[in-house]
Amino acid sequence: MANDLNQCSFIGRLGKDPEVRYLQAGEAVVNMSIAVGWKGKEKEGVEWVPLVAFGKLAEICAEYLKKGSQIYAQGRFRTRKWQDKDGKDRYSTEVVVDTMQMLGRPAGDAGGKPQAAAAAAAAPASGGEEFNDDIPF
C-alpha cells in the first residue's frame, strides 16, 4: 500500500456557515460543505462535498468563513461508522481537510484587499507550524 494515494482537492463555495464544536479534550472541530460544479458535453451540475477540519485550522474556518465563501480545500477521503440514537450503524463519508486557502473577497469587501487570514488557513491542520502574518500579500 506504499504506492497508494488518498488525496482530494476541491474549489467551491460554502453552502452555509461552518458548524464548530469542541471535543472533550478541547480540540475544535468544524463541519462544512462546499458546492463544486461539473460540466459534461450536454449537462452540468453541482455536487456537495462534506468537509471536516480539526484544531487550529477548524478555528480559522469558524472565524473567517461564511456561507458563500469560496475556498480551496485539500485533504483525505474518509468514511466513518457511527451509531444513531436508535443504536443503528450509520456511515458518513467526508474529506478531512489538512490545507485550506480562502479565495475571492471576504463578504462585504469591495476594495479588493487580500484576506489577512488567508495565510493562516494554508497552515497545516495539526502541530508544528505557527501562523506567520509576515507574508507579503
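This is a predicted model: local features need pLDDT of at least 70, side-chain atom pairs count only at pLDDT 80 or more; totals for chains, interfaces and linings use all residues.

Numbering runs from 1 along each chain as its sequence is written, and side-chain values use heavy atoms, with hydrogens and water left out.

Confidence: I looked up pLDDT (the predictor's confidence in each residue, from 0 to 100) and got an average of 83, with 76% of the residues at 70 or higher. Residues 112-137 stay under 50. For that stretch I find 35 contacts (heavy atoms within 4.5 Å) beyond four places in sequence.

Salt bridges: I count a side-chain nitrogen of Lys or Arg within 4 Å of a carboxyl oxygen of Asp or Glu. The whole structure gives me five.

Lys16 pairs with Glu19, with 2.9 Å between the closest N and O atoms. For burial I use relative accessible area: buried under 20%, exposed over 50%, partly exposed in between (1.4 Å probe, protein chains only). Lys16 is partly exposed at 47%, and Glu19 is too, at 42%.

Glu94 meets Arg78 at 2.6 Å, N to O. This pair links distant parts of the chain, 16 residues apart: Glu94 sits in strand β6 (residues 89-103) and Arg78 in strand β5 (residues 70-83); strands here are DSSP runs (E, at least two residues), numbered from the N terminus. Glu94 is buried at 5%, while Arg78 is partly exposed at 21%. I also see Arg78, Arg80 and Glu94 linked in a salt-bridge network.

Last pair: Arg90 and Asp84, 3.0 Å from N to O. Arg90 is partly exposed at 37%, whereas Asp84 is buried at 16%.

Conventions:
Helices (H or I, at least four residues) and strands (E, at least two) are DSSP runs, numbered from the N terminus.
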